[in-house]
Amino acid sequence: MESQVLQHKEQSGRRSMIRRGIMAGLPIMLGYLPVALTYGVLASQTGMTISEITWMSVLVFAGAAQFLAVGMIAAGTGLIEMIIATFVLNFRHFVMSLSFVNRLRSIAFRAKLPLTLGLTDETFTVSALYRKEAKEEFGSYFYASLMLTAYLSWVGGSLVGGLLGDVMPESLSESMGVALYAMFIGLLIPSVKGNWRIACIALLAMGVNVLCQSFGLNQGWSIVVGTLIGGASGIWLLDSEEEKA
Amino acid sequence: MIVWLIIGMAIVTAVPRFLPVFIVDWVSFPKWVDRWLNAIPYAALGALIVPGILNVKPDAPQIGIIAGLVGVLLAWLNVHIIGVVLGAIATVFLLTL
């Protein structure tokens, strides 16, 4: 009897974490669907097959790099060059993953490893701002369902875009290009309101990124340098309260 | 050829993603590195928003700026993040009608 009650409690704990993870992933879904559709449409226009379009989303799961690849396929760029460009553009996920797993020390290794494969700009920043879930029971279920929500909308959107071609009126799909930026803003502002020092960190990162790009450094490395230098200011700006939180 | 491209891209994307799991499991960082890593999400958000948002309409950067400011305002007023996203989309849509 008692074990049944316990089992039930465990189940509802898991289920509620999954539900909360999906809810946290919904803004990402809203942002990903139009972008994924556009990727599918563009990729099919360059002559990629439906299975190539979908497999790229399944195995790579990195929006900016996939757009870059489609552009380079269309331009006839060499294979090695495209792979190096992808590495440079996606190296920022190494920095993000370091930050992510450092906060997930209480989560088991076998759960962390697959979770890191789901890290994108969007899943990382959303996960990072839901920090208390990392310490709760079944926290890995929260992050896993958040990332799966994002992943399935990316893969599904790519497939639909490749199959149907232009399904959305251009004016709407163009307007939706702002969605992910708006999501980043919607994530940053509440933190800034709680602690103005966070604004300094973000502004420094922006400034360094703009500076690097204006000196001709490519987008991938500029974001890495901006994130590292902006984050470094946190060594002095973030206090011990931030560590405990 | 595209098969090899996909495999190559998948490898160079996955390795930087999972490598930190092994690093963090083997070393424990001093406090100042923890603070650095804790600040990374905010720094990443900053670097991801600017200058990217200026290219929402590459020929009209002010549209991205205005939509961004609408987003800031809505978020400041504690509007739910879905509302912030929809508000920014509506702004771009109306400005480009």
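Chain B and chain A bury about 6,900 Å² between them, and carbon and sulfur atoms give 78% of that area. On chain B, the residues that lose the most area to chain A are Arg17(B), Tyr42(B) and Leu48(B), together 13% of what that side buries. Please keep in mind that this is a predicted model. Below is a short tour, from the contact between the chains to the core, the helices and a few backbone details.

**The contact between the chains**

- Chain B brings 65 residues to the contact, and chain A brings 85 residues.
- Leu48(B), one of the residues of chain B that lose the most area to chain A, is also among the contacts of Met96(A).
- Met56(A) reaches across to chain B as well, with Leu5(B), Ile6(B) and Met9(B) among its contacts.

**The nonpolar core**

- The largest nonpolar core has 97 residues, and the members that touch the most others are Met48(A), Met56(A) and Phe100(A).
- Helix H2(B) gives the most to this core, with 11 residues.
- Within chain A, and leaving aside neighbours within four places in sequence, Met56(A) is in contact with Tyr39(A), Met48(A), Phe61(A), Gln66(A) and Ala69(A).

**Helix H2 of chain B**

- H2(B) covers residues 31–49, and its 19 residues reach 28 Å from first C-alpha to last, close to the 27 Å expected at 1.5 Å a residue.
- The helix bends by about 35° at Ile40(B), and a proline, Pro41(B), follows within four residues.
- H2(B) is largely enclosed by the rest of the structure, because 16 of its 19 residues are buried.

- Met96(A) sits in helix H5 (residues 92–103) of chain A and counts as buried, because its relative accessibility is 1%.
- Leaving aside neighbours within four places in sequence, the contacts of Met96(A) are Thr120(A), Asp121(A) and Phe124(A) in chain A, and Ile40(B), Ala44(B) and Leu48(B) in chain B.
- One of these partners, Ile40(B), is the residue at which H2(B) bends.
- Met96(A) and Thr125(A) are 29 residues apart in sequence, yet their C-alpha atoms are 8.5 Å apart in space.
- Helix H7(A) is mostly covered, with eight of its nine residues buried.
- The buried residues of H7(A) are Asp121(A), Glu122(A), Thr123(A), Phe124(A), Thr125(A), Val126(A), Ser127(A) and Ala128(A).

**Helix H8 of chain A**

- H8 runs over residues 139–164 of chain A, and its 26 residues reach 38 Å from first C-alpha to last, close to the 38 Å expected at 1.5 Å a residue.
- After H8(A) comes Gly165(A), which has a positive phi near 70°.
- Ser158(A) belongs to H8 and counts as buried, because its relative accessibility is 0%.
- Around Ser158(A), leaving aside neighbours within four places in sequence, the contacts are Ala36(A), Tyr39(A), Gly40(A), Ile53(A) and Ser57(A).

**Positive phi away from glycine**

- Phe61(A) is not a glycine, but its phi is positive, at about 50°.
- Phe61(A) is in the loop between helix H2 (50–59) and helix H3 (63–75) of chain A, and it counts as buried because its relative accessibility is 3%.
- Phe138(A) is another residue that is not a glycine and has a positive phi, here about 60°.
- The loop between helix H7 (121–129) and H8 of chain A holds Phe138(A), which is buried because its relative accessible area is 16%, under the 20% limit.

**Domains**

- Chain A is divided into domain 1 (2–177) and domain 2 (195–245), with their centres, taken over C-alpha atoms, 23 Å apart.
- Seven residues of domain 1 of chain A and 10 residues of domain 2 of chain A take part in the contact between them.
- These two domains of chain A bury about 770 Å² between them, and carbon and sulfur atoms give 72% of it.
- In chain B, the assignment gives domain 1 (1–49) and domain 2 (52–97), and 29 Å separate their centres, again over C-alpha atoms.

Definitions and conventions. Residues numbered from 1 in each chain as written. Chains lettered and ligands numbered in written order. Predicted model: local features only at pLDDT ≥ 70, side-chain atom pairs only at ≥ 80, totals over all residues. Heavy atoms only, no water. Helix = DSSP H or I, 4+ residues; strand = E, 2+ residues; numbered from the N terminus. Expected span 1.5 Å × (residues − 1). Domains from an automatic or database assignment. Bend = angle between axes of the 7 residues up to and from the residue. Buried < 20%, exposed > 50% of the residue type's maximum accessible area, 1.4 Å probe, protein only. Core = buried A, V, L, I, M, F, W, Y, C linked by side-chain atoms within 4.5 Å. Contact = heavy atoms within 4.5 Å. Buried area = accessible area lost by both parts, 1.4 Å probe.
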